[in-house]
Amino acid sequence: MKLLKLAVLLFFMAVFILPLAFNDPVKSQTISATDVGSTPDVSGPPPPTGPTEAPVGFDNQTNGLVNQPEFNRAQGVFEDVEVIANGLGPVYNAQSCRECHQNPVTGAISQITELRAGHLDSAGNFVSATVTLQDEQGNPVIVANRSLINDRAICPNAQFPNSQAQERIPESGEPIRTFRTSLNTLGDGFVEAILDTTLVNIRNSQPAGMQGQVIVVPVAENPGATRVGRFGWKNQVPSLLTFSGDAYLNEMGITNRLFPAEITTLCDTVADPEDTKNDIDGFAEFMRATKAPSRNGLLANTANAQAGSVLFGQIGCAICHVTTIVTAPVGTVINGGTFTVPAALGNKVIHPFGDFLLHDVGTGDGILQNGPPETRNKMRTVPLWGVRTRDRLMHDGESLTFTQAILRHQGEAIAVTNAFIGLTDAQKGQLITFLKSL
Ligand code: HEC
Ligand code: HEC
């Protein structure tokens, strides 16, 4: 069995890593990334000889970035429930990060969806939704240029009985509408530690017509700095600290040092920034310290799952759902110079079953976030690690079986989808068994 695993690993390394190593990233891209080749002096212990497997498990244990008591503390910050006195709202989606990231453990995924909307102007440009709220005197309060429509609000309440901060889609207008499911954050410290050039190389290794799009997006912790986006359904975010600040504001309404301005000040009683204890650092530390999702070892070892794994490579699923990626060398400076890849996260082998690139597989939701206009109908290849903990699939949660999710892949994936359709029933079963083991 060990030998077989080794053979499978070597096979994937040969297929995915070696071509990347020999690709010249400069020849077909113009990305000026900040964390490329910036390997500073690493004084102290000699560098490890080769990459090692990243720790995995749904077990609430640290990946080694911090010790277990510190991990538990940071997890507690991620689990904190916020109330109006802490700055919750005025518009928000939930009271705690955990509310939307907790299946089967804190930091993972959930069934929660969010609403986004917008429209095209006369020139065909995407414009985020405008919603109208109402103050205590009945005056309209306009919230514009934001595709997220928050599902909850702190007023009307006892202090502001006539105010209306509840957002909703206007009766006419904003015809581009979508639901977005939550995403897993377990193992995201390893994803953050992937070099920009590695993502560009994956793109360059993909066949014509299936090449993912790399986008470069702002690093909030270093204003003016940018990096290849890798988080969110649109790759709209490059770092876990940026996501933490963004989510604290947009999901919970808590202003913080990275995102200090409220979406609306209607019914707001707490001075900004509301995150006086810098909880955003705790969120980022917690997510960076989580282990990657583990596989179902029993199922993964069955002959069916192993045959399914081979088919997954053969028919082309793994072109986008990339099986193996190695993180940056320990000591690489990333996130616009603000974070140095530590030993726990650097030089690690991960199996995300995703390329962290944007593709048009015919499911695009029409919403533009941080990317150029052509990304409006592209989505990030969602990593399939941990997909067995997810019952509503694809960005909108509208696909309820693996087969439905696969058949929805059109556009760049059409040849692969046709290859799936061409499998025998037994082979299709093997492929689905493999997915259930992830
Ligand atoms: C109301 C539900 C909700 C809450 C509360 C919430 N999230 Fe999320 N989270 C989501 C959804 C939905 C997405 C996908 C967003 C998108 O790209 O459209 C997401 C995505 C993420 C991602 C990207 C993961 C990846 O691998 O791409 C991170 C990181 C994250 N959230 C962190 C946080 C943190 C930290 C908090 C607390 C401050 C938080 N979230 C609160 C729903 C939520
Ligand atoms: C051209 C790139 C590409 C190829 C090829 C591809 N996928 Fe995907 N896959 C995506 C993208 C992009 C998404 C997200 C689409 C969305 O949410 O709208 C996705 C989503 C999925 C999901 C949903 C996961 C979740 O958590 O919601 C599954 C399952 C999946 N793919 C399996 C497969 C399988 C099996 C194959 C091969 C038959 C395959 N994919 C081929 C790009 C690809």
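Predicted model: local features only at pLDDT ≥ 70, side-chain atom pairs only at ≥ 80, totals over all residues.
Local features were required to have pLDDT of at least 70 and side-chain atom pairs pLDDT 80 or more, while totals for chains, interfaces and linings use all residues. Residues are numbered from 1 along each chain as its sequence is written, and chains are lettered from A and ligands numbered from 1 in the order in which they are written.

The shell around ligand 1 contains 26 residues, of which Asn93, Cys97, Cys100, Gly232 and Ala247 come nearest (a residue is near a molecule if its C-beta atom, placed from the backbone, lies within 6 Å of it). At least two residues of this shell are supplied by each of helix 3 (97–100), helix 6 (240–250) and helix 7 (279–288); helices are DSSP runs of H or I, at least four residues, numbered from the N terminus. Helix 6 gives the largest share, five residues. The shell around ligand 1 comprises 14 nonpolar, six polar and six charged residues, where Ala, Val, Leu, Ile, Met, Phe, Trp, Tyr, Cys and Pro count as nonpolar, Asp, Glu, Lys and Arg as charged, and the others, Gly among them, as polar.

Ligand 2 is surrounded by 28 residues, and Cys317, Cys320, Thr363, Leu393 and His395 are the closest. Helix 10 (317–320), helix 11 (402–408) and helix 12 (414–421) each contribute at least two residues to this shell. Its classes are 19 nonpolar, seven polar and two charged residues.

Helix 7 also takes part in two helix contacts. The axes of helix 6 and helix 7 come within 9 Å and cross at roughly 130°; axes are lines fitted to C-alpha atoms over the stretch in contact, and angles run from 0 to 180 degrees between N-to-C directions. The two helices are therefore oblique to each other (angles under 35 degrees count as roughly parallel, over 145 as roughly antiparallel, 65 to 115 as roughly perpendicular and the rest as oblique). On the helix 6 side, Leu240, Leu241, Ser244, Gly245 and Tyr248 meet Asp279, Ile280, Phe283, Ala284, Met287 and Arg288 of helix 7, contact being defined by C-beta atoms, placed from the backbone, that lie within 7 Å. Seven nonpolar, two polar and two charged residues make up this contact.

The axes of helix 2 (residues 68–79) and helix 7 come within 8 Å and cross at roughly 120°. Helix 2 is therefore oblique to helix 7. Ala74, Gln75, Val77 and Phe78 of helix 2 make the contact with Asp279, Gly282, Phe283, Glu285 and Phe286 of helix 7. These residues divide into five nonpolar, two polar and two charged.
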